Amino acid sequence: NTYDAAKECWVIKFDGDVTSVGFSAFYECSYLTSVVIPDSVTSIGGEAFNLCSNLTSVSIPDNVTEIESGAFANCFKLQKFDGKIASEDGRCLILNGVLHAFAPDSITEYTIPNGVTTISRAIFESCRSLTSVTIPDSVTSIGDFAFANCESLTSVTIPDSVTTIGVGAICQCSSLTSVTIGDSVTTIGDS
């Protein structure tokens, strides 16, 4: 990595044909502000960029076919994703119907894009400014800790399409006043 004095940020350059970003590769790299993942990368490991507290944008190549859990967790200044698997508004990474990452900066209300079938583990965890989320009828599964510790979240409506709600999916939401659970839910995890 090198420091770009003009932009006042660190720049990480990938050399060679890197095909994957490994588990926790850039964990807690608070100096990262922007990431451009090279075209050769096909997979991004779990927690690869977890707790990158100043990360604001990520460019994902079209070749990515796998993103593991928590790859961009706790990146609270993240504003947008670019690339083929980014949602139209740039706020989500969606791969094969699975919502893998969310860019929470300055968001108070959010509607998950239609077509998402699975909300992955801890996607919205600790999004403290989030007051409401609209879950579309395409969603059938909500992962563990998906909305955990969203302290401003006031209500959650789980649509009839959802059959599984993971462990701690909406735990520690201190402002929560109502939860509506659809008729199709067959499994609700602990907490």
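I started with salt bridges, taking one to be a side-chain nitrogen of Lys or Arg within 4 Å of a carboxyl oxygen of Asp or Glu. By that rule the structure holds two. Before going on, I noted that this is a predicted model, where local features need pLDDT of at least 70, side-chain atom pairs count only at pLDDT 80 or more, and totals for chains, interfaces and linings use all residues. Residues are numbered from 1 along each chain as its sequence is written, and side-chain values use heavy atoms, with hydrogens and water left out.

**Salt bridges**

I looked up Asp82, and its salt-bridge partner is Lys80, with 3.5 Å between the closest N and O atoms. Are these two buried, partly exposed or exposed? My cut-offs are under 20% relative accessible area for buried, over 50% for exposed, and partly exposed in between, with a 1.4 Å probe and protein chains only. Asp82 comes out partly exposed at 34%, and Lys80 is partly exposed too, at 40%.

The other entry is Glu151 with Arg128, whose side chains meet in a salt bridge at 3.5 Å, N to O. Glu151 sits in the loop between strand S14 (141-142) and strand S15 (155-158), and Arg128 in the loop between strand S12 (118-119) and S13, so this pair ties together parts that are 23 residues apart in sequence. Glu151 is partly exposed at 34%, and Arg128 is partly exposed at 38%.

**Strands**

For bookkeeping, helices (H or I, at least four residues) and strands (E, at least two) are DSSP runs numbered from the N terminus, and two strands pair if DSSP finds at least two bridges between them. I then found an open sheet of three strands, in the order S4-S6-S8, with parallel pairing. Its edge strands are S4 (34-36) and S8 (80-82), each pairing on one side only. The twist averages 10° from one strand to the next, with axes being lines fitted to C-alpha atoms (for helices, over the stretch in contact) and angles running from 0 to 180 degrees between N-to-C directions. S4 and S6 (residues 57-59) run parallel and are joined by three bridges. I checked Val35 and found it opposite Val58 in S6.

Next I looked at S15, which pairs with S17 in the parallel sense over four bridges. Thr157 has Thr180 in S17 as its bridge partner. Which face of S15 is covered? The covered face carries Val156 and Ile158, while Ser155 and Thr157 are on the uncovered one.

**Single residues**

Val133 lies in strand S13 (residues 132-134) and counts as buried at 12% relative accessibility. I took contact as heavy atoms within 4.5 Å. Leaving out residues up to four places away in sequence, Val133 touches Tyr110, Ile112, Phe147 and Leu153. The C-alpha atoms of Val133 and Tyr110 are 4.9 Å apart, although 23 residues separate the two along the chain.

Ser43 belongs to strand S5 (residues 43-44) and is buried at 17%.
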